[in-house]
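Please keep the sequence and the model in view while reading.

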Amino acid sequence: MSSTVGSGIAQEGNATFPQVRRVTAVDLMLLGTVSLWALNIVVTRYVLTHGWRPLAYGTIRYLAATGLFWTFTYSRERSFRVRWNDSRLVAIAAVLIFLNQLGFVYSIKLTTASTVALILGTTPVFVGILATAVGLERLSTTFWIGAVISFVGVALVAGGASGGFSTDLLGDLLAVATAATWAAYSVTIAPLMRRYSPFRISALVLALGWIPLAAVSIPQVADQGFDFGWLVWLAFGYAVIGPLFLTNILWFTAIDRVGPSRASLFANLQPFFAVVFAVLLLSEHLNRYQVAGGFAIAAGIALERQRRHQVVEEAVA
């Protein structure tokens, strides 16, 4: 279980002092993971506007990351075997990752990094909806209120981009599809995570998802030039090692120590971090509609988290 020190009250004489919870190694792993994910949105926007074609970038990046992660996983487990009955779920997860990557690279190509980051904040809402659709959860009124507020926030973010629903609309819709496919992937692998290590499942899904990605990327890879400056290559190296390889290790190690519920609280910081990175590194700007939309999405996620916390409390009771 967690090695963190819980909050409480320390007493000395007649005085009482609140006991401050110390930052642990797990906290740092989770914050590091979320920061790497958030920065990846900005880095991807940078490389796609400095020479990389979306599908060429996606398939070459995934090939390199898959090679690294397979080497790591094999040295750890010495096997990638799963039962035949589970192969269907692995295949579905791979298709969802393929669709997720298509939506990700093209949404960032077509709209701003900050817009994509804010829309991706709705991912927990999609997880709740899909988990209910397959019978894993039953949603309360609180959740649906939060979902409506979040989707209103998405509309504000999309409508505020470039002053209205214009050329960015397709990018906004693809960002929504990216959130939805990642949520579907998360729900699909949930049963597998009870039988196999997350490293084995991730290695298999990365490899299988890369195959259709590579197939549709052939024309762009053939036409892709590679005469980039050093900063673009540095960004590409980061995109391979940071958000695809290193984060898998940090995230799953942290979940193993503190559980998915606490880890997901940190994941909710990703949109905020990504917007900050986009403003600082890409000089992007948010108008009042996008700011309002961001707050609405955050409020919806807060309601979703409150509902999940209540469900956990009821289960414990």
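In this predicted model, the largest nonpolar core holds 71 residues, and the members that touch the most others are Ile 41, Val 47, Trp 52 and Tyr 57. At least two residues of this core are supplied by each of the helices H1 (25-48), H2, H3 (87-110), H4, H7 (169-193), H8 (198-223), H9 (230-258) and H11. The largest share, 13 residues, comes from H9.

Leaving aside residues up to four places away in sequence, Ile 41 touches Phe 104, Ile 108, Ala 113, Ala 117, Leu 120, Gln 270 and Ala 274.

How many of the eight residues of H4 are buried? Eight of the eight are, so H4 is largely enclosed by the rest of the structure.

One of the neighbours of H4 is H11. Helix H4 (residues 113-120) packs against helix H11 (residues 270-281) at an angle of about 175 degrees, and their axes lie 8 Å apart. Since an angle over 145 degrees counts as roughly antiparallel, H4 and H11 are therefore roughly antiparallel to each other. On the H4 side the contact is made by Ala 113, Ser 114, Ala 117 and Leu 118, and on the H11 side by Pro 271, Ala 274, Val 275 and Ala 278. Of the residues in this contact, seven are nonpolar, one is polar and none is charged.

Is Phe 98 buried or exposed? With a relative accessible area of 13%, Phe 98 is buried, because buried means under 20%. Phe 98 and Trp 210 are separated by 112 residues in sequence, yet their C-alpha atoms are 6.8 Å apart in space. Apart from residues up to four places away in sequence, Phe 98 touches Gly 209, Pro 212, Leu 213 and Val 216.

Finally, the geometry of H2 may be considered. Helix H2 (residues 54-77) comprises 24 residues and reaches 33 Å from its first C-alpha to its last, which is close to the 34 Å expected at 1.5 Å a residue. After H2 comes Arg 78, whose phi is positive, near 65 degrees.

Methods. Residues numbered from 1 in each chain as written. Predicted model: local features only at pLDDT ≥ 70, side-chain atom pairs only at ≥ 80, totals over all residues. Heavy atoms only, no water. Axes fitted to C-alpha atoms, helices over the stretch in contact; angles between N-to-C directions. Helix = DSSP H or I, 4+ residues; strand = E, 2+ residues; numbered from the N terminus. Parallel < 35°, antiparallel > 145°, perpendicular 65-115°, else oblique. Contact = heavy atoms within 4.5 Å. Nonpolar A, V, L, I, M, F, W, Y, C, P; charged D, E, K, R; others polar. Expected span 1.5 Å × (residues − 1). Core = buried A, V, L, I, M, F, W, Y, C linked by side-chain atoms within 4.5 Å. Buried < 20%, exposed > 50% of the residue type's maximum accessible area, 1.4 Å probe, protein only.
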